[in-house]
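Subject: Handover of a structure and notes on its contents

Dear colleague,

Please find below the structure that I am handing over to you.

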Amino acid sequence: MWGLFAVCVLACDASRTASMQDVSEAVALAERRDFVNAARALETAIHEDESNAYAHYYLGLIRLQEFGDAGRGLESLLRASELMPGEPEVRYQVGVAHDERGDRDAAGESFRAALSLDPAHAQALFRLGEL
């Protein structure tokens, strides 16, 4: 029984490691403004480890900011916020995506959530004031 457990742990660790390597590759691609391939690398990272919050977060940012797809960006960012509930920047970006979709109430909730985690989050405070 423990042998099977050890194989699972090693396989899980290998998947997690591969997923993080794909995130690193995606960041490098995005820095070169190759967003299509960065998004592909992030999708691969998520396939390897669905719980990789950074892959969901960066994919959400690319979809939102570079592809102009607020709906799919929001989907990725919401998953990232589930995986990183205490991260104010993720909550802020969820608010941006809601705002881009025209849902001002949800945007306001997200900006307030970011501010509850970091009262000095200037961008969340500014965007909340613009609503």
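Leaving aside its neighbours within four places in sequence, with which residues is F35 in contact? The partners of F35 are A30, I62, E66 and F67, where contact means heavy atoms within 4.5 Å.

Before the details, a word on the basis of these values. This is a predicted model, in which local features need pLDDT of at least 70 and side-chain atom pairs count only at pLDDT 80 or more, while totals for chains, interfaces and linings use all residues. Residues are numbered from 1 along each chain as its sequence is written, and side-chain values use heavy atoms, with hydrogens and water left out.

Overall description

The protein chain has 7 helices and 0 strands; helices (H or I, at least four residues) and strands (E, at least two) are DSSP runs, numbered from the N terminus. From the N terminus on, the order of elements is therefore α-α-α-α-α-α-α. The C-alpha atoms fill a box of roughly 55 × 35 × 25 Å along the principal axes. Of the 131 residues in the protein chain, 39% are buried; buried means under 20% relative accessible area, exposed over 50%, and partly exposed in between (1.4 Å probe, protein chains only).

The accessible surface of the protein chain comes to about 7,500 Å², and 54% of it belongs to carbon and sulfur atoms. These areas come from the Shrake-Rupley method with a 1.4 Å probe, and for residues only the protein chains shown count as cover. Among contacts between residues at least 6 apart in sequence, 47% join residues at least 24 apart.

As to charge, the protein chain carries 12 positive and 22 negative side chains, and the centres of the two sets lie 3 Å apart. Lys and Arg count as positive and Asp and Glu as negative, whereas His and the chain ends are not counted. The place of a charge is taken as NZ of Lys, CZ of Arg, CG of Asp or CD of Glu.

Nonpolar cores

The largest nonpolar core has 19 residues, and those with the most contacts inside it are Y57, L64, L77, M84, Y92, F111 and A124. Such a core is a set of buried Ala, Val, Leu, Ile, Met, Phe, Trp, Tyr and Cys residues joined through side-chain atoms within 4.5 Å. Two or more residues each are given to this core by helix 3 (53-66), helix 4 (70-83), helix 5 (88-100) and helix 6 (104-117). Helix 5 supplies the largest share, 5 residues. Leaving aside its neighbours within four places in sequence, M84 is in contact with A53, Y54, Y57 and V90. Apart from this core lies another, of 13 residues, among them A38, L42, A55 and L59.

The 13 residues of helix 5 should span 18 Å at 1.5 Å a residue, and its end C-alpha atoms are 18 Å apart, which agrees. The expected span is 1.5 Å times one less than the number of residues. The buried residues of helix 5 are P88, V90, Y92, Q93, V94, G95, V96, A97 and H98. Their cover includes helix 3, helix 4, helix 6 and helix 7 (122-130). Just after helix 5, G102 takes a positive phi of about 90°.

R127 lies in helix 7 and counts as buried, because its relative accessibility is 16%. Not counting residues up to four places away in sequence, R127 touches Y92, V96, D99, E100 and F111.

Q21 is found in helix 1 (residues 2-31) and is exposed, with a relative accessible area of 53%. Between the C-alpha atoms of Q21 and L42, 21 residues apart in sequence, the distance is 9.9 Å.

R33 lies in the loop between helix 1 and helix 2. R33 is exposed at 59% relative accessible area, and its phi is near 65°, a positive value in a residue other than glycine.

F35 belongs to helix 2 (residues 35-48) and is buried, with a relative accessible area of 13%. F35 and S51 are 16 residues apart in sequence and 22 Å apart in space, C-alpha to C-alpha.

R63, in helix 3, counts as buried at 7% relative accessibility. Leaving aside its neighbours within four places in sequence, R63 is in contact with E43, G68, D69, R72, G73 and S76.

With kind regards
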